[in-house]
Amino acid sequence: MTDIAARLSELGLTLPAPAAPVAAYVPVVVAGGLAHVSGQLPFVDGKLVTGRLGEDVALEAGIEAAQACAVMILAQLQAALGSLDRVERIVKLGAFVNSTGTFTDQPKVANGASELMVAVFGEAGRHARSAVGVPVLPLGAAVEVDAIVAVRPA
């Protein structure tokens with residue numbers, strides 16, 4: 001068992017099958033030592049988390065949704081790289097939160113993804129980040145998270 005696989009096991013996380021793209025793009029592009037991971041949607045117990053923060057989705061559910069996005073990012077990286085041990089550093093996460101105009105806790109929601117990356121990769125999981133409120137996301141998702149990741153050569 002690799003270091004990252006062991007850490008995932010300790011955290012009680014099992015990576016799902018990577019989600020297929022819902023439009024004309026690829027899930028991960030590796031170029032120049034960086035993996036660019038397309039926005040991932042939150043699946044909890046196999047079901048897409050939908051709704052809007054500040055309206056019909058509680059903050060705690062939004063945090064869990066962001067964490068689920070991060071888990072899907074890991075699944076996409078494993079599929080593209082062959083092993084999460086090739087991850088050198090999480091460089092940046094972009095969190096998009098389906099939220100009302102009065103909801104201002106997007107950074108707290110995004111922490112669900114950020115804290116998972118630190119739990120999995122330690123110091124190499126610390127990253128730059130954007131947390132943005134948007135009026136709607138694909139398929140009505142509550143949260144979407146994308147990533148830029150530095151990778152080691154195969």
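Leaving aside neighbours within four places in sequence, which residues is Gly112 in contact with? Ile63, Ala66 and Gln67. Contact here means heavy atoms within 4.5 Å.

1. **Basis.** This is a predicted model, in which local features need pLDDT of at least 70 and side-chain atom pairs count only at pLDDT 80 or more, while totals for chains, interfaces and linings use all residues. Residues are numbered from 1 along each chain as its sequence is written, and side-chain values use heavy atoms, with hydrogens and water left out. Helices (H or I, at least four residues) and strands (E, at least two) are DSSP runs, numbered from the N terminus.

2. **Gly112.** Gly112 sits in helix 3. Its relative accessible area is 7%, so it is buried. The cut-offs are under 20% relative accessible area for buried, over 50% for exposed, and partly exposed in between (1.4 Å probe, protein chains only). Gln67 lies 45 residues from Gly112 in sequence, yet the two C-alpha atoms are 4.5 Å apart.

3. **Helix 3.** This helix covers residues 106-121, 16 residues in total. From first C-alpha to last it reaches 23 Å, close to the 22 Å expected at 1.5 Å a residue. The expected span is 1.5 Å times one less than the number of residues. Helix 3 has a kink of about 35 degrees, centred on Gly112. The bend at a residue is the angle between axes fitted to the seven residues ending there and the seven starting there. After the helix comes Gly122, with a positive phi near 65 degrees.

4. **The buried side of the helix.** Buried residues of helix 3 include Val109, Ala113, Leu116, Met117 and Val120. An α-helix has 3.6 residues a turn, so residues three or four places apart point the same way. The cover over the buried residues of helix 3 includes helix 1 (3-10), helix 2 (59-81), strand 5 (87-98), strand 6 (128-134) and strand 7 (143-151).

5. **Helix 2.** Helix 2 has 23 residues. Its first and last C-alpha atoms are 33 Å apart, close to the 33 Å expected at 1.5 Å a residue.

6. **The β-α-β unit.** Strand 5, helix 3 and strand 6 form a right-handed β-α-β unit. Right-handed means that, with the strands pointing away from the viewer, the path from the first strand over the helix to the second runs clockwise. Strands 5 and 6 run parallel and are joined by seven bridges. Two strands pair if DSSP finds at least two bridges between them. Ala95 has Ala131 of strand 6 as its bridge partner.

7. **Strand 7 and its partners.** Strand 7 pairs with strand 5 in the antiparallel sense, over nine bridges. Val87 stands opposite Val151 of strand 7. Strand 2 also runs antiparallel to strand 7, with five bridges. There, Val37 has Ala147 as its bridge partner.

8. **Val91.** Val91 belongs to strand 5. It is partly exposed, at 33% relative accessible area. Neighbours within four places aside, Val91 is in contact with Leu34, His127, Ala128, Ile148, Val149 and Ala150. Leu13 is 78 residues away along the chain, and its C-alpha atom is 22 Å from that of Val91.

9. Five of the seven residues of strand 2 (34-40) are buried, so the strand is largely enclosed by the rest of the structure. Four bridges link it, antiparallel, to strand 1 (28-31). Val30 stands opposite Ala35 in strand 2. The hairpin of strands 1 and 2 has two residues between the strands, and Gly32 takes a positive phi near 60 degrees.

10. **Backbone points to check.** Most residues other than glycine have a negative phi. Asp45 is not a glycine, yet its phi is positive, about 55 degrees. Asp45 lies in the loop between strand 3 (43-44) and strand 4 (47-48), and is exposed at 79% relative accessibility. Leu139, also not a glycine, has a positive phi of about 60 degrees. Its place is the loop between strand 6 and strand 7, and at 57% relative accessibility Leu139 is exposed.

11. **Annotation.** UniProt, in an unreviewed entry, lists residues 6-142 as "domain: Endoribonuclease L-PSP/chorismate mutase-like". UniProt positions follow the numbering used here, feature names are shortened, and annotations may be inferred rather than shown by experiment. Over residues 6-142 the chain is 32% helix and 25% strand, with the end C-alpha atoms 30 Å apart.
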